[in-house]
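Hi everyone, thanks for coming. I have a short tour today, so let's get the picture up and start with one term we'll need.

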Amino acid sequence: NKIEEIKKLLKATNLQDKPGSIIYSADSTLKKGDFYFLGQNPGGNDEKKYGEDSIMNQLLYSGEHNEYTEGEWAGAKGKIHQYNIKRMFEDLGINIEDVFSTNLCFIRSQDTDKYKRDLDSDIDRFWPIHEYLLSVVKPKTVICNGAKAREYFKKKMKHIYAHDKEPMENYWYYKHTAESFKGILKTRDIALDELKILAIPHLSNITNNYDDYFDYYKKGVTWLKTKL
């Protein structure tokens, strides 16, 4: 049972009772597929569907709930972030409900600067769970929401090639790029020889209103689509 295997790996981290979640898509998406969507860490959530907000409770009881299409994200910033993610997948021509989705770190925080622990250390502790998840999905492409996920995979992969960047539209002090590269990811559990990474600047960066997506992200997402 896949959930039981994740449960065992989660208990080994001793972080199972922290607020957060692992599977952002429905449990049924944990199967072989072309894509693996990865954010940094779960944000605020208004729902308490599974009792106490903990990574373990979400793992055991979320079932077919999809956070992107069914979740109630907290605050205006959270709701616009959710909208931007759904809009990106629409523009990529990918059904988000078919994609296995998770985060690099499974502990919840509304913002990176409000994360109360050592984020990099926690990401390393959770990596064995990603090894297992990747061994099940065996994706051709990892889509990264933000630099943290992109750079972590860059660190883990070998023989990176076909590395390309596309400048994004400037917005205030933001001067980001969309990125694409390929490489080899080999660990104890997986061997992905031609893994493609597509990365967009974190989709919560622009939060004034829903229309900001069009000016800031549209160019980068359109470019990423040519890399699929």
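By buried I mean a residue with under 20% relative accessible area. Keep in mind, too, that this is a predicted model.

Is S62 buried or exposed? Its relative accessibility is 6%, so S62 counts as buried. And what is S62 in contact with, if we leave aside its neighbours within four places in sequence? The answer is D27, Y50 and N57.

Now over to helix α8, residues 218-225. Its buried residues are G220, V221, W223 and L224. Where do they sit around the axis? They span an arc of only 160°, so they are on the same side of α8. A helix reminder for anyone who wants it: an α-helix has 3.6 residues a turn, so residues three or four places apart point the same way.

What covers those buried residues of α8? The cover includes α4, along with strands β4 (158-167), β5 (177-186) and β6 (191-200), and also α7 (212-216).

Let's finish with α4, which is residues 75-92. Helices α4 and α8 pack at an angle of about 40°, and their axes are 9 Å apart. That angle makes α4 oblique to α8, and the crossing is right-handed. On the α4 side, the contact is made by R87, M88, D91 and L92, while α8 brings K218, V221, L224 and K225. Sorting the residues of this contact gives four nonpolar, four charged and no polar.

Thanks, and I'm happy to take questions!

Definitions and conventions:
Residues are numbered from 1 along each chain as its sequence is written. This is a predicted model: local features need pLDDT of at least 70, side-chain atom pairs count only at pLDDT 80 or more; totals for chains, interfaces and linings use all residues. Side-chain values use heavy atoms; hydrogens and water are left out. Axes are lines fitted to C-alpha atoms, for helices over the stretch in contact, and angles run from 0 to 180 degrees between N-to-C directions. Helices (H or I, at least four residues) and strands (E, at least two) are DSSP runs, numbered from the N terminus. Angles under 35 degrees count as roughly parallel, over 145 as roughly antiparallel, 65 to 115 as roughly perpendicular and the rest as oblique. A crossing is left-handed if the near helix is turned anticlockwise from the far one by less than a right angle, and right-handed if clockwise. Contact means heavy atoms within 4.5 Å. Ala, Val, Leu, Ile, Met, Phe, Trp, Tyr, Cys and Pro count as nonpolar, Asp, Glu, Lys and Arg as charged, and the others, Gly among them, as polar. Buried means under 20% relative accessible area, exposed over 50%, partly exposed in between (1.4 Å probe, protein chains only). The arc is that of the directions from the helix axis to the C-beta atoms.
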